[in-house]
Amino acid sequence: MTTPIQKILFGSPGTGKSYRIDNEIIPYELFIDKEETPENIIKAVFHPEYTHGDFMGKLLPITKEGKVQYNFHEGHFLKALSQAYKNILEKEIDKCSEVSNVALVIDEINRGNSSAIFGPIFQLLDRDSQGMSDYYINITEVVFEKLIGLLGFEPRKTGSKVIGYNFQTKEVKDEYYKLIGFDIFTKSIKIPYNLSIIATMNTSESSIYYMDSAFKRRWEWEFIDVDSNPIKEDGIAFSNKEDWVKFIEKLNNFIKSNHKYIRGIEDKQIGHWFIKDAMNEDAKVEVKKATIQNKLMFFIWDNVFSRDKKPLIELFYGKEQKDQEPLVTFGDFAKKVNDFIEKIKSL
């Protein structure tokens, strides 16, 4: 198994973001064969009319024999979640050799109101080192019943009381519920380790719906340049927590010293947990240069100095700015990741 991917691919229109997902990430990073197991790929497209009900599920009316009935229809997220749960259960109960990954692909994530669409699912995007959500969220009775149905669970009862469920005629044991992240007694869920969420975003349309910093922080980011290649510098930027903390302190001082170029300075500071790997207590700290490029530097470019890039230009070239290389696009900025790290360190 690979670590689940929770990533937004961003860049100019027509740079091949969706192509990279379909032809590189899904088959060669998640090992999903779209011909053999198409059920492991669920696709959604966000737009201004797309809602939380479209994502999780909603009641819709249907007329049968002159009578109106309401049926609950699963959304893209619930469909992907149930498929991921089933793949784990099949492995545990049928003793398969490996668990199949599931990919939930969201095109144009910024064309919908992502905060409203995700709603409480937002809490599930925080994942531990094993790829499981850190926290549970509760779901409604109607969502719970639909999830049970999608899983094909058959209730086991004592009298009229449901005491558990069977999956493919076999008992689902307590440890299996914990493994998939589904608590049937509190009606709460987690995202399991085999469910990846991959999205695309056109930077030219970033103003359609504002994505807040808390939402952005929970994703990895990958910039696709105009030549259709990902910008991903090789190497490790920080290999211990102390160096990372010192770097962030100097970066925050740089941000504060340029407050006149920033609107709302209070929420533009960088926390130590902005890159979660930097604060890992249980494993070796490895903050990759590619993560600095695509997550931290994009936040600096798009959120902190969104109004005026002058402080960034002066950081590299000084106030005179003679014979400078172009620093017009985020691609120009991201390619200077090594200079950026050294310049901030030297402040």
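Tyr-70 lies in strand β4 (residues 67-74), where strands (E, at least two residues) and helices (H or I, at least four) are DSSP runs numbered from the N terminus. The model is a predicted one, in which local features need pLDDT of at least 70 and side-chain atom pairs count only at pLDDT 80 or more, while totals for chains, interfaces and linings use all residues. Residues are numbered from 1 along each chain as its sequence is written, and side-chain values use heavy atoms, with hydrogens and water left out.

Tyr-70 is exposed, with a relative accessible area of 56%; here, exposed means over 50%, buried under 20% and partly exposed in between (1.4 Å probe, protein chains only).

A cavity is a set of points on a 1 Å grid over the protein atoms alone where a 1.4 Å probe fits but cannot get out, and its lining residues have an atom within 4 Å of a point. The lining of the largest cavity consists of Lys-216, Arg-217, Trp-221, Phe-274, Lys-295, Phe-298, Phe-299 and Asn-303, and two or more of these residues come from each of the elements α7 (213-217) and α9 (289-304).

How values were computed:
1 Å grid on protein atoms, 1.4 Å probe; cavity = no way out; pocket = protein on both sides within 12 Å on 5 of 7 lines; lining within 4 Å.
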